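Please look over the sequence and the structure shown below before reading the briefing. The points that follow are grouped by topic.

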Amino acid sequence: MVKKLLFSSLFFVTCVNAKQHDFSVMLACHASSDKPGLAISIEQSGKHIFKGALGVADISTRDPLKVDSIFQIGSISKQFTAAAILQLVENNNLSLKNTLDDFITDLPVEYAKLTIESVLSHTSGLPNYNSDTGIRQRWDKYATIDEVINVVSKMPVLTKPGVDYAYSNTGYILLGKVIEAASGLTYSEYLQRNIFSPLGMKNSFVVTKGVSSKQIVRGYTANSDEPNAYFTPEIVDRSWIYAAGAIASTLDDMSLWHRGLSSGKVISAANYQLMVTRAKLNNGESVNYGFGTDVYPISGQPSYSHQGQVPGFVAWSVYFPSHDLLGTVFGNNDAVHPGPALLNMIARQLNLSPAPIAHQNITEQAKTLIGKYKGTDDTMMTVTFDDGQLSAKTSNGVIRKLVLRENNSFSFACTEDYYQLREQDDKRLLVPVSIYMGERAPLVRMEIQ
C-alpha cells in the first residue's frame, strides 16, 4: 500500500501495449473491488499506455469506480488557477507585478502589496489558513468568497515576500478573487468559458457549494485502528476551498488539460515555461515550485506535477517532459495517497528500477544477497533463499517474499522501490532506493549465511 487478478464487472481497464498484465496486477496491489479505490491513466507520446479503475464509487450502492468516473482533484486545481491568471495577463487584464489590492479591497496592509507573481509561486509569505483552528470550526458551512477572504486574511503573514517558500492555500483563494475582479466573471464561470469548454473538458467543473454533487464519486476516509472501515470525511464546504482546490474532473479531461496547456491552446509557450520553471527567492535560491506546478526531479528525471487532497479524495498528476509521459491517479479514500501506485507503473514503463529476473535459474544471483544486514538505526533485515524463494525477515519478525532483480537488487512485492547490494571500503552495503525519494541510508551486511 500479489494476488492473481480476476477480471470482473468491478474492474474496468483499457490497456494498449504488452505490459498490460503487469499494470493490471500492479493496480490490484493497491486497490480491491470492494473498497474505495483508484483510477489511473498513463499516456506517452500521445498514446494511452494504461487506463484502469478498481474499487467502489459508493460503498452503500456498491457501484464500481470506472475510468470515466468524476473525482475531486483538490490542489491540482491550482494549475488551472495559475493558467487563468496568465490568460488574463496575455489579455492585458492584469500584470504579474500587480499587487493584490489592485483587485481586492479592504485587505490588511501586509497582504495588500503582495505581487500576484509571488502569490502564484508561494513565495509571498502568506500563511496557510488550513492550520487555523477557528477557521476550521466554521468551514463546514457555505460562505461567499468575500466572507471567506475576510476571515482567512486575518491571519498574520509568515515572512516578508521572497524570503522563503511557504505553501499557501490562502494565496490561491485570493487569486480566485483576482480572476473574478479582472474578468467580471465568477471563478467557476471563467474556467468554464475559457478553459473547460474550449478544451472539450465536458466532465470538469468547480464545486461551488456543499461537498460534492450527484456526478461525483463519494469520498471516504479511514484510520489505522480500523483499516477496513470507511467513514464520512470531515465536512468542508467547497466554498472555503474555491480556487485553491475545488475542481472535479476525469482522467480523460485531465489528459485534454495537459495537452491543451503544454501545446499553447491555453496560454503561450513562454507563459507555460513560467509555470514549469522554478521560482527564485530574494537571495537567488530556487524553490521546487513554479506557478501552480511542483518542479523537481524524480529518479533523476525532470518532472512537473501537482498533488491534491480534499476531504474524501487524493489525486496526483505528473508529467515527465524528457519522456513525454503523463500519469494521473485519483483516489476516493483520503487516508491513502494513490501516488505510489501510479509511480510504480511509471517506473516500470520508464525502466527506473532494475528489471525483475524472470528466468528460473536464479540460484546464483539469489545467493549473493543472502545475509544479515544492520541499519544505522539498529534495524535488522535477514535475507534468505529457500526452496527457490528469496525472502526477507525484518526487525518486527515479519517474513516477506522478495522479487529478485538485475544488478544485485531485490524488491518487496508490489513496489518498484528496491534494495541494491554494493561494495564499498571492504564493506557490503544494502542500499534502499526509493523511486520518489532517491537513495536512503544503507544497511551493512553483518555476516554471510
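This is a predicted model: local features need pLDDT of at least 70, side-chain atom pairs count only at pLDDT 80 or more; totals for chains, interfaces and linings use all residues.

**Strand β21 and its partner β20**
- Strand β20, which covers residues 418-424, pairs with β21 in the antiparallel sense, and the pairing extends over seven bridges.
- Within this pairing, Q420 is the residue that stands opposite V431 of β21.
- β20 and β21 form a hairpin with two residues between the strands, and in this hairpin D425 takes a positive phi near 50°.

**Strand β21 and its partner β22**
- Strand β22, made up of residues 438-439, runs antiparallel to β21 and is joined to it by two bridges.
- In one of the pairings between these strands, V433 has E439 of β22 as its bridge partner.
- These two strands, β21 and β22, also form a hairpin, with three residues lying between them.

**Packing of helices α2 and α8**
- Helix α2 (residues 77-90) packs with helix α8 (residues 187-199) at an angle of about 80°, and their axes are 11 Å apart.
- Because of that angle, α2 is roughly perpendicular to α8.
- On the α2 side the contact is made by S77, F80, T81, A84, Q87 and L88, while α8 contributes Y187, Y190, L191, N194, I195 and F196.
- Sorted by class, the contact between α2 and α8 has eight nonpolar and four polar residues, with no charged residues.

Methods
Residues are numbered from 1 along each chain as its sequence is written. Side-chain values use heavy atoms; hydrogens and water are left out. Two strands pair if DSSP finds at least two bridges between them. Helices (H or I, at least four residues) and strands (E, at least two) are DSSP runs, numbered from the N terminus. Axes are lines fitted to C-alpha atoms, for helices over the stretch in contact, and angles run from 0 to 180 degrees between N-to-C directions. Angles under 35 degrees count as roughly parallel, over 145 as roughly antiparallel, 65 to 115 as roughly perpendicular and the rest as oblique. Contact means heavy atoms within 4.5 Å. Ala, Val, Leu, Ile, Met, Phe, Trp, Tyr, Cys and Pro count as nonpolar, Asp, Glu, Lys and Arg as charged, and the others, Gly among them, as polar.
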